[in-house]
Amino acid sequence: MRAARLIKMVLLLQSRPSMTAAELASELEVSERTVTRDAQALSEAGVPVYADRGRIGGYRLIGGYRTRLTGLARGEAEALFLSGVPGALREMGLEDAASAARLKVSAALVPSLRDASRTAAQRFHLDAPNWFREPTTPELLPAVAEAVWDDRRITARYRRGEDLVERELEPYGLVLKAGVWYLCARVSGQGAFRVYRIDRFAAVGAGGERFERSADFDLPAFWGERAEEFARSLLRAEVVVRLSEEGVRRLPHVVDPRAAREALARAGVLEGAGAGAGAGEWVRVTLPVESEEVAHEQLSALGAEVEVLAPSSLRERFAVGAARLAGLYGV
């Protein structure tokens, strides 16, 4: 632990002209007294750490000293490619590896480029979770992430409905979608890949046995296909509606955007305004939806810009809702 801290201290001093004891203590998460002892230990080991005394003093390296400890370990190099998603790194337990990698890269750069990481971080930031949702980190995520990095089989118990199911899995990859973590894996001895929500895992046991990854597996492509299949599988019903020009414009914002675009591309010939409708042309659309209840909730956002034609039960829902609104506002 101390050796890693001493290396980090050297890298910090190499990447900056000077640092105070308080700054080093904050970065290393130790006391200023420990910083003083570590600086003395480095000096005794031949690393030219110089302490400037006084109110604005600090520690610096002298003589153009350059450490040869800037080579990246494999884990650090892999974590570096994820450094644009700091929250995800932290949740997977890879924050320390990414921090060490960034320090080594910074120490290896010429002085004029050493602020690159700071300037980039001030200009670009990825915030993965949805709005109005408090993200939660699954307790077993670090254990699953470690198995994914090491290509090690895991024995997982997960909730499927009311039951707990146990499977031996080959964990291929993790996906963070709208603040929810998913594992792409296949059951040992079987060829089909499946998707599991990490927050439904009740227990994970990582064995010592590694598995051989399939060279044909492409995580982004696999996830893209499954995500599209999942989205389409939810749209089990159809409704027929008439939309005003404004309703056409707003439809992709209240229902599944892809389903809306495809439905509008197949829309019928523009019709004249129906009874009670506003001026302008209307279009007849057959729209796939998750259920009648969901369709009622979504299409209600369009107000008077949509008229439900079928099914009759959904049309009746809107009629009842319209009557209640009219009564509420005394129309």
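Two strands pair if DSSP finds at least two bridges between them. Helices (H or I, at least four residues) and strands (E, at least two) are DSSP runs, numbered from the N terminus. The model is predicted: local features need pLDDT of at least 70 and side-chain atom pairs count only at pLDDT 80 or more, while totals for chains, interfaces and linings use all residues. Residues are numbered from 1 along each chain as its sequence is written, and side-chain values use heavy atoms, with hydrogens and water left out.

View 1. (Axes are lines fitted to C-alpha atoms, for helices over the stretch in contact; angles run from 0 to 180 degrees between N-to-C directions.)

View 2. Strand 3 and strand 4 run antiparallel and are joined by seven bridges. Arg-160 stands opposite Asp-163 of strand 4. Strand 5 is joined to strand 6 (residues 193–197) by five bridges, also in the antiparallel sense. Tyr-182 has Arg-197 of strand 6 as its bridge partner. Five residues lie between the strands in the hairpin of strand 5 and strand 6, where Gly-189 takes a positive phi near 85 degrees.

View 3. Contact here means heavy atoms within 4.5 Å.

**View 4. The largest nonpolar core.** A nonpolar core is a set of buried Ala, Val, Leu, Ile, Met, Phe, Trp, Tyr and Cys residues joined through side-chain atoms within 4.5 Å. Buried means under 20% relative accessible area, exposed over 50%, and partly exposed in between (1.4 Å probe, protein chains only). The largest such core has 19 residues, and those with the most contacts inside it are Val-144, Leu-169, Leu-174, Leu-183, Ile-198 and Phe-201. At least two residues each come from helix 8 (141–150), strand 3 (152–160), strand 4 (163–177), strand 5 (180–187) and strand 7 (201–210). Helix 8 gives the largest share, five residues.

View 5. Rings of Phe, Tyr and Trp (its six-membered ring) pair if their centres lie within 6.5 Å; planes under 30 degrees apart count as stacked, over 60 as edge-to-face and the rest as tilted. There are 10 aromatic pairs in the structure. One of them, Tyr-172 with Phe-217, is edge-to-face, at 4.9 Å centre to centre and 65 degrees between the planes. Tyr-172 lies in strand 4 and Phe-217 in the loop between strand 7 and helix 9 (219–234), so the pair ties together parts 45 residues apart in sequence. Both Tyr-172 and Phe-217 are buried. Tyr-172, Phe-193, Phe-211, Phe-217 and Phe-222 form one aromatic cluster.

**View 6. The three-stranded open sheet.** Three strands, in the order 9-8-10, form an open sheet with antiparallel pairing. Strand 8 (residues 237–243) pairs with strand 10 over four bridges. Leu-243 stands opposite Val-306 in strand 10. Helix 12 (residues 292–299) lies across strand 8, strand 9 and strand 10, running at about 25 degrees to strand 8.
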